[in-house]
Amino acid sequence: MVITSKSNPLIKEIIKLSDKKYRREYGAYLVEGIKPVNECIAAGCQIQKIICSEELADKYEGSVIVSRSVFESISAEKTPQGVIAVVELPSYNLQPPQGSCLLLDCLQDPGNLGTIIRTANAAGYKEVYLINCVDAYSPKAVRASMSGIFFIKLYQGSREQIMSVLNGLPLICADMNGEDIFAFNPPEKYCLCIGNEGGGISDEILAKSNYRVKIPMQSTCESLNAAVSAGIAMYQLKYKLKR
């Protein structure tokens, strides 16, 4: 059976998952595209259902088949590939990290958040703590994570809750007034803190920091993109320890 109506209850429910409110209500988020969906399956994520356009009907066993026009109505892509997975939102109880980790303080751009998650996965950081950040499971953030979101534990909570579980772990804050990160020798285990795109790290987090580091820049450059800064810092700290 092929769903051809955009008014179908299932289609309406999937469209709602583009909204954070309904992702929380239904406990699910969307993964779109052939490669991301295949990697989501391979990662062992809890997939509730897969929706395919007719041309991909034989690629995903047990999938819901919809017409091309219906698929385009639920897709967030300009050129849809024809497959979307509805994936159960993971839920992790707040706990201290097993290794070095990241703390993201009030990031508001989903592209930046997704890119940082992607880089964290690549660099070997397994745990990311989020304080008042944009939703990591929005379609744009999921897409920017390039499947990294399937392999990273994302912990969310209030500033007080998260700082409590990180208690005792050295905090390294990315700060324009810090010391040169390329001359800095990090401790064996640490939490790298990245702040808001415009305002940086909050005063509350800075006050608790053990170290502050900066990426040196030419005088003609005022600042780096948050995701770029995070990527440089993640690799520099991680691999400085391995040299």
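1. I3 lies opposite V66 of β4. Its strand, β1, runs parallel to β4 (residues 64-66), and two bridges join them; strands count as paired if DSSP finds at least two bridges between them. Helices (H or I, at least four residues) and strands (E, at least two) are DSSP runs numbered from the N terminus.

2. The model is predicted: local features need pLDDT of at least 70, side-chain atom pairs count only at pLDDT 80 or more, and totals for chains, interfaces and linings use all residues. Residues are numbered from 1 along each chain as its sequence is written, and side-chain values use heavy atoms, with hydrogens and water left out.

3. The open sheet has five strands, in the order β1-β4-β3-β5-β2, with mixed pairing. Because β1 (2-3) and β2 (28-32) each have a single partner strand, they stand at the edges and one side of each lacks a neighbour in the sheet.

4. A76 belongs to the loop between α4 (68-74) and β5 (83-88). Apart from residues up to four places away in sequence, A76 touches E32, P139 and R143 (contact: heavy atoms within 4.5 Å).

5. Helices α5 (residues 110-123) and α9 (residues 226-240) pack at an angle of about 15°, their axes 9 Å apart; axes are lines fitted to C-alpha atoms over the stretch in contact, and angles run from 0 to 180 degrees between N-to-C directions. The contact includes N112 and T115 in α5, and A226 and Y239 in α9.
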